[in-house]
Amino acid sequence: MSRAQPGAGVIAISLAALIGIWALSSIWADPDVLPAPWDVWRIGVAEWRSGELPLHLTATALRVAAAFALAMGIGVVLGLALGSSDRANRWFGPWVVVLLNIPALVVIVLCYLWIGLNELAAIAAVALNKTAMVAVTIREGVWALDRQVSDMARVYRMPMGARLRHVILPQLWPFIASSMRNGLAIIWKIVLVVEFLGRSNGVGFQIHLYFQLFEVGYVLAYALSFVAVMLVLEYGALQVWERRVVRWRMKGAVRGA
């Protein structure tokens, strides 16, 4: 059975209900603790017009993009290697488990101590935190490949490039899509911590600044601005792409039925 995707109307109503709950809660809450949605909106608009919000959003987005590309590239290669070779998985699988269980904060601090308070350390720390998760997901995808289809491709002496394109990748796309979605959701949060601890710009840096000033409205304005960016990516790009790459599977299920 294919997983139903919510339509634009359902998404809009769901988000409106969430904002409605926030608005109702803010009526009884202290405005300094939980500002109303319209107050946060006014702050966001003012920060955008001043140029501060787009400046820091861009800085964070660039770090997220760089760390995401590194984590996906290294993680996919590592996952393919571990999934394809029992020996490689036996010897290097424990390394992945170690990386999975080292707290993100420890990796960030160590990268800053070893490399310095610079962009390389910030991006490396975020990429390291996500690479192991991508590798594990892709490894599971390789283990889930239909061996009969792979054997058929070898019997017909299909070239490796064609086998990768027509046999392996179509089966791996759902796992790659899952890694991308989870990767973006986790990476941007880790980027905020990296900026909070050691950068001079970005959404995390601004949250750190307004945390010290106890300006909850500004903290929410900057945090929710990047959440809005991620919602656009999720529903406008990732889910559309995911539906396309798994279309062959849904067609097969209909034919099998």
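How many helices and how many strands does the protein have?

1. **Overall make-up.** The protein has eleven helices and zero strands. Read along the sequence, the pattern is α-α-α-α-α-α-α-α-α-α-α. Keep in mind that this is a predicted model.

2. **Burial and surface.** The protein holds 257 residues, and 38% of them are buried. Its accessible surface comes to about 15300 Å². Carbon and sulfur atoms account for 69% of that surface.

3. **Contacts along the sequence.** Take the contacts between residues at least 6 apart in sequence. Of these, 70% join residues at least 24 apart.

4. **The largest nonpolar core.** This core has 39 residues. The members that touch the most other members are Val64, Val126, Ile187, Val194, Val203 and Phe226. Six helices each supply at least two residues: H3 (52–84), H5 (104–115), H6 (119–143), H8 (160–198), H9 (203–212) and H10 (216–245). Helix H8 gives the most, with eleven residues. As background, nonpolar side chains tend to be buried together in soluble globular proteins.

5. **A second core.** A separate core of five residues is also present. Ala88, Val96, Ala132 and Val136 are among its members.

6. Is Val194 buried or exposed? Val194 counts as buried, because its relative accessibility is 1%, and the cut-off for buried is under 20%. The residue sits in helix H8. Leaving aside residues up to four places away in sequence, Val194 touches Ile108, Tyr112, Ala122, Val126 and Arg199. One of these partners, Val126, is also on the list of core members that touch the most others. Val194 and Ala125 are 69 residues apart in sequence, yet their C-alpha atoms are 7.9 Å apart in space.

7. **The largest pocket.** About 660 Å³ of space lies in this pocket. Its lining has 18 residues. Ile19, Trp22, Trp41, Leu224 and Ala228 lie nearest the centre. Helix H1 (8–28), helix H2 (37–50) and H10 each give two or more residues to the lining. The largest share, eight residues, comes from H10.

8. Which classes of residue line the largest pocket? The lining has 16 nonpolar residues and two polar ones. It has no charged residues.

9. **Pro37, in helix H2.** Pro37 is found in helix H2. With a relative accessibility of 12%, Pro37 counts as buried, since the cut-off is under 20%. Not counting residues up to four places away in sequence, Pro37 touches Ile19, Trp22, Ala23 and Ser26. Two of these contacts, Ile19 and Trp22, are also among the residues nearest the centre of the largest pocket. Pro37 and Ala23 are 14 residues apart in sequence and 6.0 Å apart in space, C-alpha to C-alpha.

10. **Phe214, in a loop.** Where is Phe214 found? Phe214 is in the loop between H9 and H10. Its phi is near 55°, a positive value in a residue other than glycine. Phe214 counts as exposed because its relative accessible area is 58%, and exposed means over 50%.

Terms used: Residues are numbered from 1 along each chain as its sequence is written. This is a predicted model: local features need pLDDT of at least 70, side-chain atom pairs count only at pLDDT 80 or more; totals for chains, interfaces and linings use all residues. Side-chain values use heavy atoms; hydrogens and water are left out. A nonpolar core is a set of buried Ala, Val, Leu, Ile, Met, Phe, Trp, Tyr and Cys residues joined through side-chain atoms within 4.5 Å. Buried means under 20% relative accessible area, exposed over 50%, partly exposed in between (1.4 Å probe, protein chains only). Helices (H or I, at least four residues) and strands (E, at least two) are DSSP runs, numbered from the N terminus. On a 1 Å grid over the protein atoms alone, a cavity is a set of points where a 1.4 Å probe fits but cannot get out, and a pocket is an open set with protein on both sides within 12 Å along at least five of seven lines; lining residues have an atom within 4 Å of a point. Grid points are joined across faces, edges and corners, and a volume is the space filled by probe spheres set on the points. Ala, Val, Leu, Ile, Met, Phe, Trp, Tyr, Cys and Pro count as nonpolar, Asp, Glu, Lys and Arg as charged, and the others, Gly among them, as polar. Contact means heavy atoms within 4.5 Å. Accessible areas come from the Shrake-Rupley method with a 1.4 Å probe; for residues, only the protein chains shown count as cover.
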